[in-house]
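Here is a short report on one chain, written for a reader who works with coordinates. Please keep the model open while reading.

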Amino acid sequence: MPLIAALMASQEPHDVLIIGGGPAGLTAAIYLARFHLDIIVVDEGKSRASWIPCSHNHAGYPDGINGKELLELMRTQAQKYGTKIETGRVHRLDKDEDGLFTADCGAGPQRARAVLLATGLTNRKPPMDQELHDDAMARGLIRYCPICDGYEVTDKRVGVIGSGKGGVGEAIFLRSYTADVTLIAPDSSLDLPEEDRKKLELAGVTLVDGPAEAIGCVEDCITIDTAQGLLSFDSIYPALGSDTHTALAAMVGAEINEEDCCLVCDDKMRTSVEGLYAAGDVVHGLDQISHAMGEGGQAATTIRNDLAAKRPLLRQPIVPAKDESERERVEEGEA
């Protein structure tokens with residue numbers, strides 16, 4: 001038997017492996033740790049929540065909270081109850097005949113009785129320098145979630161880069177915040193069904209042909225070079241779609257929705273593979289921190305109950321002892 005396989009066989013598997021340390025994964029970690037389960041979180045450090053300069057619609061923070069700060073508070077809370085958190089990327093996920101999962105990650109393989117995928121998704125960005133993009137996001141010049149921060153663009157000049165259902169829907173949604181909304185085609189001319197074009201015109205959305213390129217920042221404005229010249233906005237919303245991180249789920253045969261590429265789960269956050277669960281943006285639903293946290297709590301409770309159904313979770317009574325050294329000997333089986 002190879003050395004790594006022998007070491008793995010001799011090690012007790014974790015109760016739960018959580019892949020992803022965003023709001024969904026960390027909420028689940030807090031719940032599971034407080035259920036007295038042995039869990040580990042493997043986090044690549046790329047949660048979309050970390051992009052948020054200041055979230056104003058997350059309950060409990062009247063003055064808003066920075067995304068990175070929120071994640072750090074959640075990590076601290078999870079670790080307070082015994083959660084182990086490792087920084088790294090899981091490259092492969094397998095499930096053996098005994099129902100145990102093995103994850104291949106940078107720090108070495110991790111085995112677990114159950115796995116929660118909280119791997120999220122990535123927004124597609126407009127073509128621009130990464131450093132410029134990140135600076136523009138930090139300043140609120142680029143935004144990705146009108147549900148989250150549409151309030152912050154009230155009565156401002158807003159551009160939406162997109163076409164199709166996503167671009168049309170986002171532009172009309174933003175009209176409830178400002179009268180100055182422009183929809184810009186990302187590539188060429190805006191090829192819209194007549195029904196959508198009429199809907200946009202009735203809403204007073206300005207339509208501009210692309211391509212949308214040469215995006216830059218000038219003082220407190222963001223500019224886009226289009227077929228109709230250089231346009232300036234207070235904020236832009238790229239509505240270019242997203243990529244859901246389902247590769248690990250596919251490795252173990254989990255069902256993925258062909259329409260939106262999200263994992264298919266039941267109402268208790270179980271995937272189609274026994275022992276595999278999912279929560280957050282990797283599952284179809286509202287892409288919000290609060291929603292992800294709710295799914296994390298639901299998934300954690302389901303995992304706890306499913307594990308208990310297979311092997312009762314019965315806490316041992318407190319061992320009476322004359323002193324601490326005797327207690328340790330009893331608990332270690334030496335007395």
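The report below goes from the whole chain to its strands, its surface and its salt bridges.

## Basis of the model

This is a predicted model: local features need pLDDT of at least 70, side-chain atom pairs count only at pLDDT 80 or more, and totals for chains, interfaces and linings use all residues. Residues are numbered from 1 along each chain as its sequence is written, and side-chain values use heavy atoms, with hydrogens and water left out.

## The chain as a whole

The chain has 10 helices and 16 strands. Both are DSSP runs numbered from the N terminus: helices are H or I with at least four residues, strands are E with at least two. Along the principal axes, the C-alpha atoms fill a box of roughly 85 × 40 × 35 Å.

Of the 335 residues, 45% count as buried. Buried means under 20% relative accessible area, exposed means over 50%, and partly exposed lies in between (1.4 Å probe, protein chains only). The accessible surface comes to about 17,600 Å², and 50% of it belongs to carbon and sulfur atoms. Areas come from the Shrake-Rupley method with a 1.4 Å probe; for residues, only the protein chains shown count as cover. Contact means heavy atoms within 4.5 Å. Among contacts between residues at least 6 apart in sequence, 58% join residues at least 24 apart.

β1 pairs with strand β6 (residues 110-117) in the parallel sense over 5 bridges. Two strands pair if DSSP finds at least two bridges between them. Strand β2 (residues 39-43) also runs parallel to β1, joined by 4 bridges. Leu17 stands opposite Val115 in β6. In β2, the bridge partner of Leu17 is Ile40.

Gly21 lies in the loop between β1 and α2 (23-34). At 3% relative accessibility, Gly21 is buried. Leaving aside neighbours within four places in sequence, Gly21 touches Leu26, Val41, Asp43 and Leu71. Thr87 is 66 residues from Gly21 in sequence and 9.2 Å away in space, C-alpha to C-alpha.

Axes here are lines fitted to C-alpha atoms, for helices over the stretch in contact, and angles run from 0 to 180 degrees between N-to-C directions. Strand β8 (residues 158-162) pairs with β14 over 5 bridges. Ile161 stands opposite Pro238 in β14.

The other open sheet described here has 3 strands in the order β11-β12-β13, and its pairing is antiparallel. Its edges are β11 (213-218) and β13 (229-233), each with a single partner strand, so one side of each is left without a neighbour in the sheet. The twist averages 25° from one strand to the next. Strand β12 (residues 221-226) and β13 share 5 bridges. Thr226 stands opposite Gly229 in β13.

## A nonpolar surface patch

Ile147, Phe173 and Leu286 form a nonpolar patch on the surface, with about 250 Å² of accessible area together. Patch residues have over 30% relative accessible area and no salt bridge; like charges are joined within 9 Å, nonpolar side chains (Val, Leu, Ile, Met, Phe, Trp, Tyr) within 5 Å. Leu286 sits in the loop between β16 (276-278) and α9 (289-310). Its relative accessibility is 44%, so Leu286 counts as partly exposed.

## Salt bridges

The whole structure holds 19 salt bridges. Each is a side-chain nitrogen of Lys or Arg within 4 Å of a carboxyl oxygen of Asp or Glu. Arg113 and Glu12 meet at 2.5 Å, N to O. The pair links distant parts of the chain, 101 residues apart: Arg113 in strand β6, Glu12 in the loop between α1 (3-10) and β1. Arg113 is buried at 19% relative accessibility, whereas Glu12 is exposed at 60%.

Arg311 forms a salt bridge with Asp15, the closest N and O atoms being 3.4 Å apart. Arg311 is in the loop between α9 and α10 (324-331), and Asp15 is in strand β1, 296 residues apart. Asp15 is buried at 10%, while Arg311 is partly exposed at 41%. Glu12, Asp15, Arg113 and Arg311 are linked in a network of salt bridges.
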